[in-house]
Structure formats: C-alpha cells, structure tokens
Amino acid sequence: MAYLKPDQPEKVYVPALRAAKEKGEKLVCLTAYDYPTARIVDEAGVDIILVGDSMGNVIHGYGNTIPVTLDEILSATKAVKRGASSALIVADMPYGSYHTGDNKAVRNAMKLLKGGGAEAVKLEGGRNRVDLVKRLVDEEIPVMAHIGLTPQSVHKLGGYRVQGKTAIDANKLIEDAKILEEAGAFAIVLELIPREIAEIITNDLKISTVGIGAGSSCDIQVLVLHDLIGFTFGRQPRFVRQYANVSEVISSAITHWMDDVKSGNYPNDKESYGMPEAAKKEMTA
Ligand code: KIV
C-alpha cells in the first residue's frame with residue numbers, strides 16, 4: 001500500500017498544534033459557516049477554522065446556540081470544507097448531539113467527519129465529558145474541549161458571565177483542563193475566564209489552549225469572524241476588537257444600488273444585452 005502525501009504541504013493537521021506550542025508560536029482560529037468566508041479565512045492564512053454553533057447567534061438569529069441542529073452544522077461544514085484547503089477544520093457538536101449517550105455522540109461526530117469533511121470536533125464541558133472525550137479519541141476522532149463560559153449551558157448559568165472568578169471555581173477549571181488533557185483532547189477552548197487562570201492552564205498543559213476572552217497567554221486566539229469584521233448587531237463583549245465595519249459596507253452598497261435603479265442609472269447598456277442587428281432587421285422586415 002502506498003501512503004499518499006497530503007496534497008497541500010502547508011495543510012494544518014492536529015499534531016501541528018503541539019509542535020507550535022513547543023516552539024512558542026502563536027496560532028489563530030476563526031469561525032466560518034459558508035464557502036466564501038471559508039475561502040477568505042483560509043487564503044488569509046488562518047490556522048484553524050471552527051464551524052461554530054455561534055452560527056445560531058450570528059447567521060440564524062436564534063439569539064443563542066441552543067436551537068442549532070446537527071444538520072445545520074453538517075451543511076455548513078461541507079461548504080467550509082469546499083472553501084478551505086489549508087486550515088484545520090473543526091466542527092462544533094451542537095447542543096443535544098452528544099448529551100443522550102456516548103454511542104449516539106460517536107455516530108454524530110462521525111457524521112461530521114465522514115459527511116462534512118471535518119478533521120476534529122469540539123464539545124463543551126469539563127469533568128462531566130471525560131468518558132465521552134476518551135471514547136471519541138478511541139474511535140479516532142480528535143476532540144477540542146471547551147470550558148469556562150460554555151454557551152450551551154446558558155439557561156443553567158443564567159447568562160453570559162465571566163467564569164472562574166472565585167478561588168474554588170478557578171481551581172475547578174484548572175482541574176477540568178488537566179482531566180480533559182489526560183482524556184485525550186488535543187486542545188481546549190477557554191472562554192471568558194480571568195487571564196491569570198488562563199495563563200496557569202496554558203502553562204500546566206502540553207496541549208494547546210484556545211482563548212476567547214481569556215487574555216493573551218493562550219496558545220491560540222479564536223474569535224467569531226462576524227464580530228471581528230463588524231457584521232453583527234448589538235453590544236459586543238469587551239474582548240472583541242472590531243477590525244472592519246462590513247455591515248456599513250453592505251448597507252452603503254445597497255443604498256447606492258437602490259439610488260441608481262430609482263434614478264434610471266442602473267442598468268446601463270453595458271450592463272444589459274442588445275439584440276443582434278440581423279435579428280432586429282428580421283423583426284422589422
Ligand atoms: O461556536 C463558536 O464559535 C465557539 C467559539 C466562540 C469558541 O464556540
């Protein structure tokens with residue numbers, strides 16, 4: 001049997017994360033949910049694309065991530081896979097897809113790998129997910145864990161607040177991170193926790209930490225693309241730095257187009273099709 005070389009020499013696979021951490025090299029991760037954004041994000045050189053259940057907030061308008069379905073993540077993952085050739089593709093396991101038994105969770109994760117083209121899955125939770133993480137890793141499914149603020153627990157938590165602010169809660173997060181590493185997770189998202197705790201976890205672990213609202217010590221930074229480019233509505237959390245205002249760009253383009261249509265300036269002759277002269281003559285003959 002011949003072992004095929006990956007077609008893209010710069011393609012990011014899971015082991016590259018550990019190698020980057022050992023070298024002290026920071027990596028970056030962004031969300032994408034469709035083909036064009038995946039292409040742009042990938043071509044910009046982002047290392048990891050997360051097909052996040054944040055799609056519930058930013059593209060479906062659900063208001064939170066709870067209603068997101070496996071089919072929505074699967075369809076988005078397929079589109080992202082077609083658009084990205086270098087970045088590692090991680091698909092989020094939505095709420096309900098890994099909560100009703102490990103066999104079901106393995107089957108759902110396999111759908112994301114086999115049908116969607118994901119190269120890893122992400123799931124939320126700490127010590128309560130350890131057996132599941134072990135099982136998924138045993139079945140050759142790389143797992144990115146996610147602790148701190150876990151948006152799928154919004155109803156239990158009663159909102160989106162910084163987690164790990166007491167010594168007891170902080171120690172619990174540190175322990176959870178260690179347990180998840182031992183269970184075989186290849187990386188852990190740390191969302192909305194004090195930077196001091198994120199630094200302790202990052203230094204304690206051999207696997208990579210992926211920070212969002214967790215300070216600058218994390219090995220990898222992740223943001224929701226729509227937040228970074230200003231394509232969302234409402235107040236942003238303080239950790240978001242907005243680098244563009246895409247909503248304004250889109251709105252201004254639409255306004256100009258409407259003005260042109262109403263003033264008769266669109267479409268002009270170059271933007272429409274004329275009848276061939278011969279056909280015109282035939283019609284008038
Ligand atoms: O769904 C998502 O985009 C996420 C990131 C915020 C880490 O979970």
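Predicted model: local features only at pLDDT ≥ 70, side-chain atom pairs only at ≥ 80, totals over all residues.
Q: Is α5 roughly parallel or oblique to α6?
A: The two helices pack with their axes 10 Å apart, at an angle of about 45°. Angles under 35 degrees would count as roughly parallel, and 65 to 115 as roughly perpendicular. At about 45°, α5 therefore ends up oblique to α6.

Q: How many charged residues are in the contact of α5 with α6?
A: On the α5 side you'll find Asp102, Asn103, Ala105, Val106 and Ala109, and on the α6 side Asp131, Leu132, Arg135 and Leu136. By class, five are nonpolar and one is polar, and the number of charged ones is three.

Q: Is α4 roughly parallel or roughly perpendicular to α5?
A: Helix α4 covers residues 70–83 and helix α5 covers residues 102–114; their axes come within 9 Å and cross at roughly 25°. The cut-off for this class is under 35 degrees, so α4 is, relative to α5, roughly parallel.

Q: Which residues of α5 meet α4?
A: From α4, the partners are Leu70, Ile73, Leu74 and Thr77. The contact as a whole has four nonpolar, two polar and one charged residues. On the α5 side, they are Asn108, Lys111 and Leu112.

Q: Which serine has a polar side-chain atom 2.6 Å from an oxygen atom of the ligand?
A: The residues around the ligand include Asp53, Ser54 and Asp92. Aspartate 53 has a polar side-chain atom 3.0 Å from a ligand oxygen, and for aspartate 92 a side-chain N or O atom is 3.1 Å from one. The serine at 2.6 Å is serine 54.

Conventions: Residues numbered from 1 in each chain as written. Heavy atoms only, no water. Axes fitted to C-alpha atoms, helices over the stretch in contact; angles between N-to-C directions. Helix = DSSP H or I, 4+ residues; strand = E, 2+ residues; numbered from the N terminus. Parallel < 35°, antiparallel > 145°, perpendicular 65-115°, else oblique. Contact = heavy atoms within 4.5 Å. Nonpolar A, V, L, I, M, F, W, Y, C, P; charged D, E, K, R; others polar. Near = heavy atom within 4 Å. Polar contact = N/O pair within 3.5 Å; in protein donor to acceptor, adjacent residues only side chain to side chain.
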